Amino acid sequence: MRIQREEKRFIEKCYRLYEQKMYQVAYSILRDSGLAEDAVQEAFLKLMNSDTRFADPKSEDCKRYIITVIKHASIDMYNKKRREQEVFYFTDDSPGMGNGAGPQADRREAEFDLNELISDLPPKYYAVANCLAVKELSVKETAAELGISESAVRKRFERAKLMLKAIHDPYRKGREEYEQGQKIYKSNIS
């Protein structure tokens, strides 16, 4: 899409006026200077491709629109980063990662380890974790594949993560014994 000279000047004025404010908004959401810069760039690309135009770049409507665009770009980037971290949460400590066999072998091993890790989950939680973490489907795609609502997918994935933490917590048994001992101690005092 070719940008006309007038539109190009408008975008340049907006950049000069709002670039720092956009960076501040992005940084407040992302807490990473590199990601904040990427979000500002992404927002300006969206602005250039947008059909929305204002008579004056200094108008409150224009400023509000630009701030809204950067907020959405930053939140999208934050959510993408969070999804990547959720997947890495399951695979970071996996044995065999980085064995030099190449990215395809690493990916297969990570998927195997991830499948092994989530296999202890009840079936409905396993299905959601498998779609989101192994198949890397979106929440919407997972909901369609499993025939459940998107909110159910999010809630089941949240519960699956909590279950995995509880199942694979090496200190769980010791904590359970401690809590049981505390109950006995408190009942003897009463």
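**Charged side chains in close-up**

**View 1. Salt bridge between E158 and K155.** K155 has a relative accessible area of 37% and is therefore partly exposed, a class that runs between buried (under 20%) and exposed (over 50%), with a 1.4 Å probe and protein chains only. This is a predicted model, in which local features need pLDDT of at least 70 and side-chain atom pairs count only at pLDDT 80 or more, while totals for chains, interfaces and linings use all residues. Residues are numbered from 1 along each chain as its sequence is written, and side-chain values use heavy atoms, with hydrogens and water left out. The side chains of K155 and E158 meet at 3.7 Å, N to O, where a salt bridge requires a side-chain nitrogen of Lys or Arg within 4 Å of a carboxyl oxygen of Asp or Glu. E158 and K155 stand three residues apart in helix α7 (residues 150–167), about one helical turn; helices are DSSP runs (H or I) of at least four residues, numbered from the N terminus.

**View 2. Salt bridge between D61 and R64.** These side chains meet at 3.6 Å, N to O, and both residues belong to helix α3, three residues apart. D61, at 48% relative accessible area, is partly exposed, and R64, at 49%, is likewise partly exposed.

**View 3. Salt bridge between K46 and D76.** The side chains of K46 and D76 meet at 3.6 Å, N to O. Because K46 lies in helix α2 (residues 33–49) and D76 in helix α3 (residues 60–91), the pair ties together parts that are 30 residues apart in sequence.

How values were computed:
Helix = DSSP H or I, 4+ residues; strand = E, 2+ residues; numbered from the N terminus.
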